[in-house]
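Okay, thanks for making time, everyone. Let me put the thing up on the screen and then talk you through it.

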Amino acid sequence: MKKFRGKYRIDSTRLKGWDYSNAGFYFVTICTKDKHPYFGSVEDGEVKFSSIGEIVERFWIDIPRHFSNIEIDEYVVMPNH
């Protein structure tokens with residue numbers, strides 16, 4: 001198994017041979033350490049953002065203003081992911 005800075009790490013799940021600068025749909029997952037619910041909570045089946053969750057959503061929606069070649073399609077912020 002490979003190590004990075006002395007720690008074990010998993011191999012990349014990126015498709016070998018694919019140029020990720022190509023146009024296409026990309027699925028992005030960002031996980032918090034120990035699945036800590038920094039982004040909010042789920043109450044009665046609805047996501048209730050924390051102040052950090054509100055910032056995350058605002059910055060995510062703002063990405064196309066900074067990168068003209070990016071469009072945001074569907075997205076979900078999962079508080080405990």
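So, which residue lies over the face of Y20? That's R14, at 4.5 Å from the ring centre. The rule for a charge over a ring is NZ of Lys or CZ of Arg within 6 Å of the ring centre and within 35 degrees of the ring normal.

Quick housekeeping before I go on. This is a predicted model, where local features need pLDDT of at least 70, side-chain atom pairs count only at pLDDT 80 or more, and totals for chains, interfaces and linings use all residues. Residues are numbered from 1 along each chain as its sequence is written, and side-chain values use heavy atoms, with hydrogens and water left out.

Back to the rings. Rings of Phe, Tyr and Trp (its six-membered ring) pair if their centres lie within 6.5 Å; planes under 30 degrees apart are stacked, over 60 edge-to-face, and the rest tilted. That gives us two aromatic pairs. W18 and Y20 have ring centres 6.5 Å apart and planes at 85°, so that one is edge-to-face. Y20 also pairs with Y26, and here the geometry is tilted, with 5.7 Å centre to centre and 45° between the planes. Put together, W18, Y20 and Y26 make one aromatic cluster.

How covered are these rings? For the cut-offs, buried is under 20% relative accessible area, exposed is over 50%, and partly exposed is in between, with a 1.4 Å probe and protein chains only. W18 is partly exposed at 39%, Y20 is partly exposed at 31%, and Y26 is partly exposed at 38%.

Next, charges. There's one salt bridge by the rule, meaning a side-chain nitrogen of Lys or Arg within 4 Å of a carboxyl oxygen of Asp or Glu. The partners are D62 and R65, at 3.1 Å, N to O. Both sit in helix 1 (residues 51-66), three residues apart, about one turn of the helix. D62 is partly exposed at 22%, while R65 is exposed at 71%.

Zooming out, the chain has one helix and four strands, in the order β-β-β-β-α. Those are DSSP runs numbered from the N terminus: helices are H or I with at least four residues, strands E with at least two. Buried residues make up 7% of the 81 residues. And the C-alpha atoms fill a box of roughly 40 × 35 × 20 Å along the principal axes.
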